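Keep the sequence and the 3D view open as you read.

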Amino acid sequence: MKSFTTTHSSDPMSAPQSVDNGKQPQNKLQQHHKLSTNIEDSPLQVQGLTVTYQHQPVVQQVSFSLAEGRLIGLLGPNGAGKSTLLKAILGLIPSLSGQVKVFGKPYESQRRRIGYVPQRESVDWDFPTDALDVVLMGTYGRLGLFRRPGKNERQTALHCLDQVGMADYAGRQISQLSGGQQQRVFLARALAQQADLYLMDEPFAGVDALTEKAIITLLEQMKQQGKTVLVVHHDLSTVQAYFDDVLLLNRQLIAGGAVEHTFTPELLQQTYGGKMAFLQGNDQQGILLAGK
Amino acid sequence: MSSDFWILLTAILMSASCGLLGCFLILRKMALIGDAISHAVLPGIAIAFLFSGGRDSVAMMIGATLLGLLSVFLIQWLRSSGVQSDASIGIIFTALFAVGVIIVSLNARNIDLDLDCVLFGEIAYVQWDTWTWNGTDMGPRSVWMLGFALMAVVILLMLFYKQFKLTAFDPALAAACGIPVMLFHYMLMGLVSMTSVASFESVGAILVVGMLIIPAATAYLWTDRLGMMLLYSVVAGIASSVLGYGAAYVWNASIGGSIVTTAGVLFVLTFLLSPRHGLLLRKWRQRRLAA
C-alpha cells in the first residue's frame with residue numbers, strides 16, 4: 001500500500017518525468033501513474049496534459065500511460081474533468097500543454113486505431129436515420145475522402161449490431177429506441193471503428209441492468225481480443241467487478257494503477273474529498289457510496 | 001421564350017438549392033444562421049457593386065460569399081468570447097445588414113441597386129435582366145447564378161455526403177475520425193451565402209430564409225431518412241414555387257410572397273396531417289388509448 005505516491009497533491013506543478021522510473025519494477029504505479037510496463041508501445045501515453053476553460057484550469061498536468069489489453073475505469077466526482085480529459089486526448093478541445101502518444105506515435109497518425117464513444121446525450125436522437133446507419137458511421141474514418149460505405153461496410157455494421165444484441169433493430173429509427181438500446185447502438189458503432197484503443201464516455205449512464213450486463217460482457221470480450229478500453233465511470237459499487245485498473249481524477253490525477261492497490265478508501269477520499277462515506281464490507285474491502 | 005418559363009425556372013432552381021441546404025441547417029439547429037447569412041451578404045453585394053460598377057454576377061457572388069463567411073466567423077467569435085449564442089447572431093446580422101443598407105443608400109445615384117428589390121426581390125423581371133457574353137445574349141442572369149449555385153451544392157453534397165451527415169449528427173465523432181469539421185462547417189456556410197446572393201433578386205433577402213427553412217422543416221416531418229428528407233425538401237420547395245406562382249398569377253399578388261406563403265401552408269398541412277408526427281393523428285391515437 002505504501003508504494004503509491006500521488007505526484008501532484010503536494011506540488012501540482014512538479015514535472016512528472018523527474019521521477020525515478022523503474023526502481024520498483026513490481027509496482028504498476030509510479031509517480032508517472034504508469035499503468036504500462038513499457039511506455040514505448042503503451043496504447044495511450046499522456047504527458048503533462050493541461051486544459052483550461054476561460055483561463056481556469058480544468059485538467060492540470062495529467063500524466064499516465066495505459067497497459068495493453070485492460071479495462072481501465074476513469075473515476076472522479078462531477079466536474080473533475082473526466083470528459084474534458086477524454087476530449088483533450090482526442091484533440092476535440094484544445095489543450096494548453098501536454099503530449100499524447102498512441103501506441104508510441106503521435107495521436108494524429110493513429111486516429112484509425114482509436115474508437116470513441118461520446119456521451120449518449122451529446123447527439124440528437126431525433127436525427128433522421130436508423131440504427132444500422134449510425135453504426136455505419138463508425139466505418140467513415142477508414143473510408144477516406146470520397147468513398148461511400150458499401151456492401152462490406154454494411155456487413156461489418158450488421159455484425160457489430162448483432163454483437164450488441166441489436167440485429168433486429170437495424171432498420172429502426174433511432175428516436176424509437178430506448179436509452180439502453182441507443183447506448184448499444186453507440187457501442188456497435190465503436191466496434192465498427194475496429195480500433196485497438198477505445199475511449200468511452202459514461203457508457204453505463206442511464207441504462208437498465210440488462211443493458212449494463214450486456215455492455216460489460218462486450219467490454220470483457222474486447223479485452224480478450226487485446227483491446228484497451230478506457231471508460232469514464234460513475235458507479236463506484238461496480239468498479240472492482242468491472243475494471244483491471246483505475247485512474248482517479250479530480251482536476252489533477254490523484255492516482256492510477258491496478259484496482260486492488262488504487263481503489264482504496266484513502267485515495268478515494270483524496271479524490272472525492274468529503275463527499276463520500278465508506279461502508280466496510282466483510283471482506284475488508286471497502287464498499288463505497290459516493291456522494292453525488 | 002415566355003416570361004412564365006423563366007420565372008418558374010428561377011424559382012425552381014432557387015427552391016432546389018435552398019431545400020438541400022436547409023435540411024443541414026435544420027439538423028444542425030442552425031436555422032437562424034441561415035437567416036443571419038442571407039441578411040449579412042447585403043454589404044458584400046453592395047461593395048461588389050461599387051467596385052465592379054455594375055451588376056457583375058461573379059463579383060457579387062464572391063463579395064457576398066466572403067461576407068457570409070465573415071458573418072459566420074464573427075458570430076462564432078462572439079459566442080466563444082462569452083456572448084450568448086442567439087444574441088451573437090442577432091448582433092452580427094442586423095449590424096452587417098444595416099451597413100449594407102447605408103452603402104446602398106449612400107450610393108443610390110451611382111449604383112443601380114434598389115433596396116426594395118434587395119429586400120423583397122422582383123422575380124417578375126428576371127427575363128429582362130440578361131447576361132451578355134461576347135456580345136451574345138445568354139438568357140436571364142438569375143438563372144445562370146442560381147444554376148451555378150445549385151450545381152455547386154449538388155456536387156459538393158454528393159462528394160462529401162458522409163462528411164456532411166456525420167458532422168451534422170455527431171461532430172465529436174467526426175472530429176475524432178479526422179474529418180475537418182470546421183472546414184465542412186464553412187463549406188456549408190459558403191454554399192448558403194452563395195445561394196442567398198443568387199436568390200436575392202428572385203425572392204429577396206427576407207424570403208430566402210423562408211425557402212431555406214420551411215421546405216426542409218416540412219420534409220423533416222415526412223420521413224425518418226436523411227436521403228429522403230433531402231429529396232422531399234426539394235419537392236416541397238418546387239411544389240411551393242409552382243403553386244405559389246399560380247396563386248400570384250390568379251390574385252395578381254407578389255410572386256415571392258406567394259411562394260413562401262405556399263411553403264408555409266404546406267408546412268401547416270404536414271404538421272397537422274403527417275402520418276408519423278402529425279398533430280391530428282397523435283390526438284386521435286391518444287384518444288383511442290384513453291378509451
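A crossing is left-handed if the near helix is turned anticlockwise from the far one by less than a right angle, and right-handed if clockwise. This is a predicted model: local features need pLDDT of at least 70, side-chain atom pairs count only at pLDDT 80 or more, and totals for chains, interfaces and linings use all residues. Residues are numbered from 1 along each chain as its sequence is written, with chains lettered from A and ligands numbered from 1 in the order in which they are written. Helices (H or I, at least four residues) and strands (E, at least two) are DSSP runs, numbered from the N terminus.

**Helix pair in chain B**

- α10(B) passes α11(B) in a right-handed crossing.
- Helix α10 (residues 226-251) and helix α11 (residues 255-273) of chain B pack at about 125°, with axes 7 Å apart.
- Axes are lines fitted to C-alpha atoms, for helices over the stretch in contact, and angles run from 0 to 180 degrees between N-to-C directions.
- Residues in contact have C-beta atoms, placed from the backbone, within 7 Å.
- B:Ala239, B:Leu243 and B:Ala247 are among the α10(B) residues that meet α11(B), whose contacting residues include B:Ile259 and B:Leu266.

**Sheet in chain A**

- Four strands form an open antiparallel sheet in the order β2-β1-β4-β5.
- Strands pair if DSSP finds at least two bridges between them.
- β2 (56-65) and β5 (105-106) of chain A are the edges; each has a single partner strand, so one side of each lacks a neighbour in the sheet.
- Two bridges join β4 (residues 97-102) of chain A to β5(A).
- A:Val102 stands opposite A:Lys105 in β5(A).

**Helix on the sheet**

- Helix α2 (residues 82-89) of chain A lies across β1 (45-53), β2 and β4 of chain A.
- α2 of chain A runs at about 65° to β2(A).

Note on methods. Contact = placed C-beta atoms within 7 Å.
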